[in-house]
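Open your viewer and keep the selection tool at hand.

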Amino acid sequence: MGKFQQAWMQFTGAFNINSSYIAALEGRAIVSLQMSSFYASILDLSKAIQINASAELLTNRGVVYQFMKDNVNAMKDFQGAMRLDSTFPLAYFNAANLYFGQRQFHRALDYYTNALKLEPNDESFLLNRAITHVILGHSNEALEDFNKAALQSPHCAH
């Protein structure tokens, strides 16, 4: 039996002991995702959301929907996460990534900017916004974001 299967069984055992143990559902969802069982991951995250909805759970399910190429449900979850907790930056970041992938660069820029308002020193947020600025022809703003990102992680080879 593989390690993923063992982990999945461990999380299942924990959930069987306590059916409201959200961490077991989250863990099993992650393992399912790593095994490319997207639907199983969605089911576990949906069950966790039913038990106790959070911006993190909604965002995580939105990311799985993105893996499944279901951008409509992904965006619904990101928007739901933002409504539930307007201070959760990953909801904005993932929504921005979705817009970026759809070539809606102005909308992506707005969401990257919102994520950065909440976590101004996040290197990934800065880099993605910088790339968006480049695409939109905002050279000065792009350079500013690239420089900030380089200051955050001067030894990374981005």
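Helices and strands here are DSSP runs, numbered from the N terminus; a helix needs at least four residues and a strand at least two. By that count the protein has 9 helices and 0 strands. The model you are looking at is predicted.

**Stop 1: the whole chain**

Show everything as a cartoon. Starting at the N terminus, the elements read α-α-α-α-α-α-α-α-α. Along the principal axes, the C-alpha atoms fill a box of roughly 55 × 35 × 25 Å. Now colour by burial. Of the 158 residues, 39% count as buried. Contacts come next. Among those with a separation of 6 or more, 41% join residues 24 or more positions apart.

**Stop 2: helix 2 and helix 4**

Select residues 22-34 for helix 2 and 55-67 for helix 4. The two pack at an angle of about 15°, with axes 12 Å apart. That angle makes helix 2 roughly parallel to helix 4. Their crossing is left-handed. Which residues make the contact? On helix 2, pick I22, E26 and L33. On helix 4, pick E56, L57, N60, V64 and F67. Sort these contact residues by type: 5 are nonpolar, 1 is polar and 2 are charged.

**Stop 3: helix 6**

Go to residues 89-101, which form helix 6.

Next, show side chains. The buried residues of helix 6 are P89, A91, Y92, F93, N94, A95, A96, L98 and Y99. What covers these buried residues? The cover includes helix 4, helix 5 (71-84), helix 7 (105-118) and helix 8 (123-136).

**Stop 4: R103**

Step past the end of helix 6 to R103, where phi is positive, near 65°. R103 sits in the loop between helix 6 and helix 7. Is R103 buried or exposed? Its relative accessibility is 63%, so R103 counts as exposed; the cut-off for that is over 50%. In sequence, R103 and T132 are 29 residues apart, yet their C-alpha atoms lie 9.8 Å apart in space.

**Stop 5: helix 7**

Select helix 7, which has 14 residues. From first C-alpha to last, helix 7 reaches 20 Å, close to the 20 Å expected at 1.5 Å a residue. Its buried residues are F105, A108, L109, Y111, Y112, A115 and L116. As you read that list, keep one rule in mind. An α-helix has 3.6 residues a turn, so residues three or four places apart point the same way. The buried residues of helix 7 pack against helix 5, helix 6 and helix 8.

**Stop 6: helix 7 with helix 8**

Finish with the contact itself. Helix 7 brings F105, H106, L109, Y112, T113, A115 and L116. Helix 8 brings F125, L126, N128, R129, T132, H133, I135 and L136. Colour these contact residues by type: 9 are nonpolar, 5 are polar and 1 is charged.

Note on methods
Residues are numbered from 1 along each chain as its sequence is written. This is a predicted model: local features need pLDDT of at least 70, side-chain atom pairs count only at pLDDT 80 or more; totals for chains, interfaces and linings use all residues. Side-chain values use heavy atoms; hydrogens and water are left out. Axes are lines fitted to C-alpha atoms, for helices over the stretch in contact, and angles run from 0 to 180 degrees between N-to-C directions. Angles under 35 degrees count as roughly parallel, over 145 as roughly antiparallel, 65 to 115 as roughly perpendicular and the rest as oblique. A crossing is left-handed if the near helix is turned anticlockwise from the far one by less than a right angle, and right-handed if clockwise. Contact means heavy atoms within 4.5 Å. Ala, Val, Leu, Ile, Met, Phe, Trp, Tyr, Cys and Pro count as nonpolar, Asp, Glu, Lys and Arg as charged, and the others, Gly among them, as polar. The expected span of a helix is 1.5 Å times one less than its number of residues. Buried means under 20% relative accessible area, exposed over 50%, partly exposed in between (1.4 Å probe, protein chains only).
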